[in-house]
Amino acid sequence: MRKFFTSLFAFFLSGLAGGLVAQWLAVATNADVEYILVFMISALVIVLVTVAFFIAQFMSDPRRATKLTATIGVAFFVLVGVFLIGWTFSQPPGKSQWSGDLPIVAGLVLPGIATVLVQWLFVRWRLARSQPGFGGAGT
């Protein structure tokens, strides 16, 4: 039950962090209707990251599993960001509207990184506070 509540609180905290980053980027870039996509994908990322960290808590070494999950999550979003930036700049000069899409790229990547980091920090903190079970070293 403890793992469920840990994931539930991590879901809310990372949703708040990812939403705040997306909101800040929308205000900073004077975004319009196109940022609806960013908020939709941000919600999907929050759910997927929560499921990944929930599963990581059930591994035999949960601290190592959550660290690996966070590393893979951040690396994924960095690679997606590099790919999207490369794709944006690889468009022919006739499609100049693609050069203005860098705020969308930042909006797709940065809230995801914030979500992963907040999930990792909260789950790691809760795992460090867990008490050993029956027959543990603390008895």
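The structure is a predicted model. The protein has four helices and zero strands, and from the N terminus on its elements run α-α-α-α. Of the 139 residues in the protein, 32% are buried. Among contacts with a separation of 6 or more, 76% are between residues 24 or more positions apart. The protein exposes about 8,800 Å², and carbon and sulfur atoms supply 74% of that area.

**Helix α1 and what follows it**

- Helix α1 covers residues 2-28, and its 27 residues reach 38 Å from the first C-alpha to the last, close to the 39 Å expected at 1.5 Å a residue.
- The buried residues of α1 are T6, S7, A10, S14, A17, G18, A22, L25 and A26.
- These buried residues of α1 pack against α2 and α4.
- An α-helix has 3.6 residues a turn, so residues three or four places apart point the same way.
- After α1 comes N30, whose phi is positive, near 50°.
- N30 is not a glycine, although it has this positive phi of about 50°.
- N30 is found in the loop between α1 and α2, and it counts as exposed because its relative accessibility is 68%, over the 50% cut-off for that class.

**A nonpolar patch on the surface**

- M1, F4, F5, F9 and F12 form a nonpolar patch on the surface.
- Together, the residues of this patch have about 580 Å² of accessible area.
- One of them, F5, has its place in helix α1.
- F5 has a relative accessible area of 36% and is therefore partly exposed, as this value lies between the 20% limit for buried and the 50% limit for exposed.

**Helix α3**

- Helix α3, residues 62-89, has 28 residues.
- The distance from the first C-alpha of α3 to its last is 40 Å, close to the 40 Å expected at 1.5 Å a residue.
- A65, T66, A70, G73, F77, G81, L84 and T88 are the buried residues of α3.
- The cover over these buried residues includes α2 (35-56) and α4 (102-128).

**The nonpolar cores**

- The largest nonpolar core has 13 residues, and those with the most contacts inside it are V49, F53, A70, F77, V116 and V123.
- Helices α2, α3 and α4 are the elements that give two or more residues to this core.
- The most comes from α4, which gives seven residues to this core.
- Apart from this core lies another, of nine residues, among them A22, L25, A26 and L84.
- Of the residues named here, A22, L25 and A26 are among the buried residues of α1, while L84 is among those of α3.
- V116, named above for its contacts inside the largest core, touches V49, F53, A70, G73, V74 and F77 when its neighbours within four places in sequence are left aside.

- T115 has its place in helix α4, and it counts as buried because its relative accessibility is 0%, under the 20% cut-off.
- Leaving aside neighbours within four places in sequence, T115 is in contact with S14, G18, V45, I46 and V49.
- T115 and L16 are 99 residues apart in sequence, and their C-alpha atoms are 8.5 Å apart in space.
- L108 also lies in helix α4, and with a relative accessibility of 19% it counts as buried, the cut-off being under 20%.
- Beyond its neighbours within four places in sequence, L108 is in contact with V38, I41, F77 and L84.
- L108 and V80 are 28 residues apart in sequence and 8.8 Å apart in space, C-alpha to C-alpha.

Terms used
Residues are numbered from 1 along each chain as its sequence is written. This is a predicted model: local features need pLDDT of at least 70, side-chain atom pairs count only at pLDDT 80 or more; totals for chains, interfaces and linings use all residues. Side-chain values use heavy atoms; hydrogens and water are left out. Patches are made of residues with over 30% relative accessible area and no salt bridge: like charges are joined within 9 Å, nonpolar side chains (Val, Leu, Ile, Met, Phe, Trp, Tyr) within 5 Å. Accessible areas come from the Shrake-Rupley method with a 1.4 Å probe; for residues, only the protein chains shown count as cover. A salt bridge is a side-chain nitrogen of Lys or Arg within 4 Å of a carboxyl oxygen of Asp or Glu. Buried means under 20% relative accessible area, exposed over 50%, partly exposed in between (1.4 Å probe, protein chains only). The expected span of a helix is 1.5 Å times one less than its number of residues. Contact means heavy atoms within 4.5 Å. A nonpolar core is a set of buried Ala, Val, Leu, Ile, Met, Phe, Trp, Tyr and Cys residues joined through side-chain atoms within 4.5 Å.
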